[in-house]
Amino acid sequence: MSNENNTTNLPRKSYKRVGYSGSTGRSRKFSCITYLSELQLKLRLAEHHNQIRVYAYAYHDKDVKEDGTLKEPHIHLVLVTYSTCTLSSIRRWFSGFKDEKGMDITTTAQICSDVFQMYDYLTHSTVEAIKDGKYQYDKNIIQTNDLSG
């Protein structure tokens, strides 16, 4: 007797979205934007150092909105972990901080498909960022735990 509720013969739904590297939402490579202070960020990175293979970040304080006003200072962060993590777990790493008004400080995270391009974006050195006229940050602003050179 066949089971009409059996879903094994149904086509699988595709959960793949832009920025995701599979349907599980798990990865080892992440790109984040945070409004934490550099000290707060360093605290969280230190707390999770056993899970982080490499990180690199850059503090952006010269980005401009379309209307010509400065964007709120923020940090772009690239993370590579030793084992796979979910987006929600990465976001939780950076939670728990409040701003002067008592509001949670935002950190966004997405799965990063090209770590090298994201590393270049830390200083707006990608072809797209240059074409868009984004401020070109000096490579010396990049902070990393990679001591290989």
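Lys 98 forms a salt bridge with Asp 104, with 2.6 Å between the closest N and O atoms. Here a salt bridge is a side-chain nitrogen of Lys or Arg within 4 Å of a carboxyl oxygen of Asp or Glu. The model is predicted: local features need pLDDT of at least 70, side-chain atom pairs count only at pLDDT 80 or more, and totals for chains, interfaces and linings use all residues. Residues are numbered from 1 along each chain as its sequence is written, and side-chain values use heavy atoms, leaving out hydrogens and water.

**Exercise 1.** Find how exposed Lys 98 and Asp 104 are.

*Solution.* Start with the scale: buried means under 20% relative accessible area, exposed over 50%, partly exposed in between (1.4 Å probe, protein chains only). Lys 98, at 48%, is partly exposed. Asp 104, at 54%, is exposed.

**Exercise 2.** Work out which residues of helix H1 are buried and where they sit.

*Solution.* Helices (H or I, at least four residues) and strands (E, at least two) are DSSP runs, numbered from the N terminus. H1 spans residues 38-47, and its buried residues are Gln 40, Leu 41, Arg 44 and Leu 45. They lie on the same side of H1, because they cover an arc of only 135° around the axis. Exposed Leu 39 and Glu 47 are on the face turned away from that buried side.

**Exercise 3.** Describe the salt bridge that Glu 47 forms.

*Solution.* The partner is Arg 44, the closest N and O atoms being 3.1 Å apart. Both residues belong to H1, three residues apart, about one turn of the helix. Arg 44 counts as buried, with 14% relative accessibility.

Notes
Arc of directions from axis to C-beta.
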